[in-house]
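Have the structure open as you read.

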Amino acid sequence: MNLVTGATGHLGSHVVLELARAGKAVRAIYRNKDKIDITRKLFAYYHCDTSLFNQVEWVKADINDPYVMADV
């Protein structure tokens with residue numbers, strides 16, 4: 001399992017995309033649910049099949065909260 005922090009940002013979303021393309025299991029952290037839609041559009045731009053995006057496990061978390069991160 002690959003954990004990606006900042007997965008809804010510019011760089012993080014591309015990392016998530018490449019990991020998914022490589023067939024790796026991805027757990028992606030987000031803080032703002034609205035930004036996931038932007039990442040979904042990025043996936044659609046580079047890959048017309050939504051199956052890659054659906055393989056990503058999205059987890060709401062803040063890396064500054066150690067109690068939440070212990071569960072991630």
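The buried residues of helix α2 are covered by α1, β2, α3 and β3, among others. Buried means under 20% relative accessible area, exposed means over 50%, and partly exposed lies in between (1.4 Å probe, protein chains only). Helices (H or I, at least four residues) and strands (E, at least two) are DSSP runs, numbered from the N terminus. This is a predicted model, in which local features need pLDDT of at least 70, side-chain atom pairs count only at pLDDT 80 or more, and totals for chains, interfaces and linings use all residues. Residues are numbered from 1 along each chain as its sequence is written, and side-chain values use heavy atoms, with hydrogens and water left out.

**Helix α2**

- I36, T39, L42 and F43 are the buried residues of α2.
- Those buried residues fall within an arc of 110 degrees seen down the axis of α2, so they line one face of the helix. The arc is that of the directions from the helix axis to the C-beta atoms.
- An α-helix has 3.6 residues a turn, so residues three or four places apart point the same way.
- Exposed residues D34, I38, K41 and Y45 sit on the face of α2 turned away from its buried side.
- T39 belongs to helix α2. Its relative accessible area is 1%, so T39 is buried.
- T39 is in contact (heavy atoms within 4.5 Å) with A7, T8, S13, F53 and W58, leaving aside neighbours within four places in sequence.

**Helix α1**

- Helix α1 covers residues 10-21, which is 12 residues. At 1.5 Å a residue it should span 16 Å, and its end C-alpha atoms are 17 Å apart, which agrees. The expected span is 1.5 Å times one less than the number of residues.
- G12, S13, V16, L17, L19 and A20 are the buried residues of α1.
- They cover an arc of only 165 degrees around the axis, which puts them on the same side of α1.
- These buried residues pack against β1 (2-4), β2 (26-30), α2 (34-46) and α3 (51-55).
- H10 and L11 are exposed, on the face of α1 turned away from its buried side.
- G23 follows α1, and its phi is positive, near 80 degrees.

**E57 in strand β3**

- E57 is in strand β3 (residues 57-60).
- Is E57 buried, exposed or partly exposed? At 35% relative accessibility, E57 counts as partly exposed.
- E57 touches M1, V26, R27 and A28, not counting residues up to four places away in sequence.
- The side chains of E57 and R27 are joined by a polar contact of 3.3 Å. A polar contact is a pair of N or O atoms within 3.5 Å; within protein, one must be able to donate a hydrogen and the other to accept it, and residues adjacent in sequence count only if both atoms are side-chain atoms.
- E57 and A25 are 32 residues apart in sequence and 8.3 Å apart in space, C-alpha to C-alpha.
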